[in-house]
Number of protein chains: 2
Amino acid sequence: MTDTKTRILDAALALFNRFGERNVTTNHIAGELGISPGNLYYHYRNKAAIVSALFDRYREHLLTLLTVPEGPLTWEDKMGYFEGILASMWEGRFLHRDLAHFLHQDPVLRDRYKVFVEDSLARGLGIYQRLRDSGLIEASDEELRALLVNTWVLAASWPGFTHGLNPEISGDETLDRGLLRQGIYQIICLEAPYLRGEALDHLDAMKREYRLDETALDRLFGAVGQVRSE
Amino acid sequence: MTDTKTRILDAALALFNRFGERNVTTNHIAGELGISPGNLYYHYRNKAAIVSALFDRYREHLLTLLTVPEGPLTWEDKMGYFEGILASMWEGRFLHRDLAHFLHQDPVLRDRYKVFVEDSLARGLGIYQRLRDSGLIEASDEELRALLVNTWVLAASWPGFTHGLNPEISGDETLDRGLLRQGIYQIICLEAPYLRGEALDHLDAMKREYRLDETALDRLFGAVGQVRSE
DNA sequence: GTCTATATCGGGATAGAC
DNA sequence: GTCTATCCCGATATAGAC
């Protein structure tokens with residue numbers, strides 16, 4: 001059994017992602033773990049400290065994944081990156097969802113978040129440049145930077161977008177996984193025009209791999225899944 | 001002088017966008033207008049009713065802008081569309097920022113929001129198809145749908161993204177306008193690979209038109225503005 | 001480290017006068 | 001339509017025993 005401090009973080013993360021931090025009280029978290037509210041406050045001096053600790057964890061994980069690798073990259077490396085990064089951002093989705101409030105109430109977090117985004121984008125650019133050197137994508141520096149920002153925003157916002165369309169089913173493992181995969185599909189489409197070489201050769205296969213089929217899309221999005229003109 | 005009911009909505013919108021709905025109490029809104037809290041509750045039975053009314057307003061405005069036009073389109077039409085739609089989504093940015101909470105607490109809004117997104121995407125697809133017919137863009141149906149969803153998510157999330165990097169300066173008219181324009185630039189980059197004909201001819205000009213210069217970017221984003229490898 | 005009991009506080013919302 | 005005064009409630013956080 002892991003220690004209480006960690007278990008509180010795990011429980012809080014699950015509840016925050018599912019219901020939104022605003023709708024999860026410290027009592028809920030304690031109740032979920034079968035411990036008392038007092039005990040929770042023994043480990044974290046307040047709710048914001050829990051959020052802050054979750055941010056730390058999230059940042060560490062994501063920045064690790066964003067380490068610019070040595071040597072040339074293959075398209076499999078590239079997909080591995082995407083999977084990991086997207087999954088990590090999905091895991092920390094409550095943070096992006098209620099970001100405005102967290103930054104509003106915690107000036108320290110505000111500064112740390114800004115640095116975090118800067119770091120992430122810097123590393124992301126490094127990776128994209130490596131991909132370009134490896135002949136997997138072709139784009140000017142300006143195109144690369146715009147693509148990078150769009151990728152970041154989309155990856156960070158996708159969970160919130162899907163949650164808006166399915167507030168009730170969040171927390172269902174299978175469906176959550178489907179939504180995440182569809183997010184990867186959207187990112188693939190984002191950079192599709194810039195792919196070259198073996199990345200381009202595998203584009204269609206990757207699209208098929210991640211795109212949800214009609215029935216799954218239908219279940220997740222309803223009419224949004226298969227947009228049609230009126 | 002417009003009626004109190006409308007003034008409440010206007011004040012609430014401004015405060016919500018600036019500080020986040022969560023950080024704006026009904027007393028703040030009343031105080032901002034120089035009216036009493038009781039008076040506010042005479043016009044709206046609770047805070048959620050204000051949010052709901054603002055959503056109505058927002059939806060009406062956006063769906064009007066998304067009406068599929070008659071006849072072929074020019075690239076100027078296209079930019080006009082973008083300007084209007086992005087400005088409208090910027091105007092309603094607090095809604096997208098705290099969407100999770102609003103949908104959580106108001107089941108009616110939940111359903112109406114979903115229909116709204118479906119409608120918007122359907123109309124958006126209609127417009128994109130019209131643009132394709134007019135020879136301004138070239139893309140398969142699948143590419144068009146993915147592009148549409150990415151555009152929507154980016155447009156809806158851009159204000160939240162920028163706010164996260166500049167929580168303090170929100171509310172400043174000039175800077176807000178700069179951030180909005182940079183958002184349009186990002187959207188232009190999103191669809192750049194699919195542009196054809198006169199839209200393509202004007203691409204560079206449009207990028208220059210909307211992209212903020214280095215000093216402005218620097219002021220708005222700091223290091224994020226000019227991402228560099230480490 | 002963990003519990004129970006409780007203090008505190010602030011925002012949402014109402015009652016009733018004017 | 002608008003005001004003042006106030007209630008209510010729930011969530012955060014603490015005190016002190018075990």
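This is a predicted model: local features need pLDDT of at least 70, side-chain atom pairs count only at pLDDT 80 or more; totals for chains, interfaces and linings use all residues.
**Exercise 1**

Work out how helices α1(A) and α2(A) cross, and which residues make the contact.

*Solution*

Step 1. Start with what to look for: a packed pair of helices is described by the distance between the axes and the angle between them.

Step 2. Find the two helices in chain A: α1 covers residues 4-19 and α2 covers residues 26-33. Their axes come within 9 Å and cross at roughly 115°.

Step 3. Now the handedness: α1(A) passes α2(A) in a right-handed crossing.

Step 4. Pick out the residues. On α1(A), the contact uses A:Arg7, A:Ile8, A:Ala11, A:Ala12, A:Leu15 and A:Phe16. From α2(A) come A:His28, A:Ile29, A:Glu32 and A:Leu33.

Step 5. Sort them by class, and you get seven nonpolar, one polar and two charged residues.

**Exercise 2**

Describe the interface of chain A and chain B, from its buried area down to a salt bridge.

*Solution*

Step 1. Begin with the area: the two chains bury about 5,000 Å² between them, with 60% of it on carbon and sulfur atoms.

Step 2. Count the residues: 59 of chain A are in contact with 56 of chain B.

Step 3. Look for links across the interface. There are two salt bridges, and 14 residue pairs are in polar contact, both at pLDDT 80 or more. In a salt bridge, the side chains of A:Glu21 and B:Arg22 meet at 2.8 Å, N to O.

Step 4. See what chain A brings to its side. Helix α9(A) gives the most, with 16 residues. By class, that side of chain A divides into 30 nonpolar, 15 polar and 14 charged residues.

Terms used:
Residues are numbered from 1 along each chain as its sequence is written. Chains are lettered from A and ligands numbered from 1 in the order in which they are written. Side-chain values use heavy atoms; hydrogens and water are left out. Axes are lines fitted to C-alpha atoms, for helices over the stretch in contact, and angles run from 0 to 180 degrees between N-to-C directions. Helices (H or I, at least four residues) and strands (E, at least two) are DSSP runs, numbered from the N terminus. A crossing is left-handed if the near helix is turned anticlockwise from the far one by less than a right angle, and right-handed if clockwise. Contact means heavy atoms within 4.5 Å. Ala, Val, Leu, Ile, Met, Phe, Trp, Tyr, Cys and Pro count as nonpolar, Asp, Glu, Lys and Arg as charged, and the others, Gly among them, as polar. Buried area is the accessible area (1.4 Å probe) that two parts lose on being put together, summed over both. A salt bridge is a side-chain nitrogen of Lys or Arg within 4 Å of a carboxyl oxygen of Asp or Glu. A polar contact is a pair of N or O atoms within 3.5 Å; within protein, one must be able to donate a hydrogen and the other to accept it, and residues adjacent in sequence count only if both atoms are side-chain atoms.
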